Amino acid sequence: MHVIVATDGSKQSLAAAKHLKSFADPSKVTEISVVAVIRPLASVAFADEVSEGSDKWPTGSFREAAENAVETIAKVFEGWGPKVNKRVRSGSAANEIIKAAKQYDAGLVVVAAGGRGLSDAVLVGSTAQRVQHYAPCPVLVVRPAPKPRKRRS
């Protein structure tokens with residue numbers, strides 16, 4: 001089975017990759033494609049929060065930041081078994097992840113919800129939800145760990 005692991009450069013996308021590795025059987029996963037999507041006319045940079053020594057807002061190109069994030073996520077799977085592909089695509093994040101799933105005949109897509117630090121409703125309602133709704137295969141949406149509630153005295 002080919003698995004698409006999407007990254008937006010967030011710590012949550014790194015957690016999603018680690019979550020997949022924690023339960024998936026590497027003998028059944030034949031290939032993993034780590035995919036980042038940059039928007040060609042974006043006014044906000046691709047924020048790489050996962051690469052070692054990365055600055056949240058890159059000084060280089062958006063593509064360079066995306067490539068660094070893909071490289072970091074791919075390292076999660078080093079020595080695990082399946083072949084790992086590193087891919088940076090350009091366009092709408094949800095559309096490109098769905099296209100990748102179709103193009104590579106994926107058996108599973110892994111996406112993070114809540115990666116950019118906005119409210120859960122905004123993010124789960126956008127990229128993750130669109131991928132979940134339109135992907136040609138099952139989608140694993142990895143939500144952030146719940147924040148501890150403050151106790152009132």
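Me: Buried means under 20% relative accessible area, exposed over 50%, and partly exposed in between, with a 1.4 Å probe and protein chains only. Are Arg89 and Glu96 buried or exposed?

Reply: Both Arg89 and Glu96 are buried. Salt bridges that share partners join Arg89, Glu96 and Lys99 into one network. A salt bridge here is a side-chain nitrogen of Lys or Arg within 4 Å of a carboxyl oxygen of Asp or Glu.

Me: How far apart are the closest N and O atoms of Arg89 and Glu96?

Reply: They are 2.9 Å apart. This is a predicted model, in which local features need pLDDT of at least 70 and side-chain atom pairs count only at pLDDT 80 or more, while totals for chains, interfaces and linings use all residues. Residues are numbered from 1 along each chain as its sequence is written, and side-chain values use heavy atoms, leaving out hydrogens and water.

Me: How many salt bridges does the structure hold?

Reply: Four. One of them pairs the side chains of Glu71 and Lys86 at 3.1 Å, N to O. That pair links distant parts of the chain, with Glu71 in helix H2 and Lys86 in strand S3 (residues 83-90), 15 residues apart.

Me: Change of topic. What pattern does the chain follow?

Reply: Along the sequence it reads β-α-β-α-β-α-β-α-α-β, with five helices and five strands. These are DSSP runs numbered from the N terminus: helices are H or I of at least four residues, strands E of at least two.

Me: Which residues of H1 are buried?

Reply: Gln12, Ser13, Leu14, Ala16, Ala17 and Leu20. Their cover includes S1, helix H2 (62-75), strand S4 (108-112) and strand S5 (139-142).

Me: Which side chain does Ser13 make a polar contact with?

Reply: That of Thr7, at 2.8 Å. A polar contact is a pair of N or O atoms within 3.5 Å; within protein, one must be able to donate a hydrogen and the other to accept it, and residues adjacent in sequence count only if both atoms are side-chain atoms. Thr7 lies in strand S1 (residues 2-7) and is buried, at 6% relative accessibility.

Me: Where is confidence lowest?

Reply: In helix H4 (residues 120-124), with a mean pLDDT of 41; S1 is highest at 97. Over residues 116-125 the pLDDT is below 50, and this stretch has 17 contacts in the model beyond near neighbours in sequence. pLDDT is the predictor's confidence in each residue, from 0 to 100, and a contact means heavy atoms within 4.5 Å. Where pLDDT is low, the predicted coordinates should not be read in detail.

Me: What does the chain average?

Reply: A pLDDT of 84, with 78% of the residues scoring at least 70.
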